[in-house]
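Thank you all for coming; I would like to take a few minutes to walk through a structure that may be new to you. Please have a look at it first, and then we will go through it together.

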Amino acid sequence: MKLYVWILNAFGLVAGLLLGGMVILVSYDVVARNLGMPSFAGAMDVTEHLLPVATCIAAPWLMYNRQHIRLDVLNTLSERIRFVIFRIAAAIGCVVSIVIAYYSVAVMLDAYEAEAVVMKSIVFPEWFIYIPFPACFALLAVECGRQAVVGELADDEGRDSMLKPENVL
């Protein structure tokens, strides 16, 4: 379990670094353009491609730390009913994540075999974009499956995340 948590924390850290890097890149680009300084020509293209990657990389870590989207309206239901709904939703999330992981491998291999290239202000093989998606959705499937079996834990019960807001700040 420690290796699993370490991997999830690494994914969360990488996502945070990517988002922070994008903020710096876009901020520099805006300032440089307004001051007539040289700017990175592919800044917007890099950001366009990294935003979905960072979002996907963060998803398993967010799920593990219960920071994903939740419906507060369910809090009005009894705890027993909430528990059942949570486990059903986690099981559905597991199945959907497995399907997306499978198809993301297929899309990546398709782009690789077709030798597709992204040609904007920067040029690179299209399959590079798809590299993180199979691993992210596989981890998401594992976490959803784990939560479907174990159920919802109390806030800090069983968690060992170094990237929790209270541990970072």
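This is a predicted model: local features need pLDDT of at least 70, side-chain atom pairs count only at pLDDT 80 or more; totals for chains, interfaces and linings use all residues.

Let me begin with the aromatic rings, of which the structure holds four pairs. In one of these pairs, the rings of tyrosine 4 and tyrosine 64 have their centres 6.3 Å apart, and because their planes stand at 85 degrees, where anything over 60 counts as edge-to-face, the pair is edge-to-face. Tyrosine 4 belongs to helix 1, which covers residues 2-35, while tyrosine 64 belongs to helix 2, residues 43-64, so this pair ties together parts that are 60 residues apart in sequence. Are these two tyrosines buried or exposed? Tyrosine 4 is buried, at a relative accessible area of 14%, and tyrosine 64 is buried as well, with a value of 1%.

Another pair is formed by tyrosine 112 and tryptophan 127, whose ring centres are 5.2 Å apart and whose planes lie at 90 degrees, so that this pair, too, is edge-to-face. Here tyrosine 112 sits in helix 3, residues 79-114, and tryptophan 127 in helix 4, residues 127-130, so the parts tied together are 15 residues apart in sequence. Tryptophan 127 counts as partly exposed, because its relative accessibility is 24%, which falls between the 20% and 50% limits. Ring pairs also bring in Phe128, which forms a cluster with Tyr112 and Trp127.

Let me return to helix 1 and helix 2, whose axes come within 8 Å of each other and cross at roughly 150 degrees. Angles over 145 degrees count as roughly antiparallel, and therefore helix 1 is roughly antiparallel to helix 2. The crossing of helix 1 and helix 2 is left-handed.

Finally, consider isoleucine 57 on its own: leaving aside residues up to four places away in sequence, isoleucine 57 touches Phe11, Val14, Ala15, Leu18, Pro132 and Cys136. As a general remark, nonpolar side chains in soluble globular proteins tend to be buried together.

Methods
Residues are numbered from 1 along each chain as its sequence is written. Side-chain values use heavy atoms; hydrogens and water are left out. Rings of Phe, Tyr and Trp (its six-membered ring) pair if their centres lie within 6.5 Å; planes under 30 degrees apart count as stacked, over 60 as edge-to-face and the rest as tilted. Helices (H or I, at least four residues) and strands (E, at least two) are DSSP runs, numbered from the N terminus. Buried means under 20% relative accessible area, exposed over 50%, partly exposed in between (1.4 Å probe, protein chains only). Contact means heavy atoms within 4.5 Å. Axes are lines fitted to C-alpha atoms, for helices over the stretch in contact, and angles run from 0 to 180 degrees between N-to-C directions. Angles under 35 degrees count as roughly parallel, over 145 as roughly antiparallel, 65 to 115 as roughly perpendicular and the rest as oblique. A crossing is left-handed if the near helix is turned anticlockwise from the far one by less than a right angle, and right-handed if clockwise.
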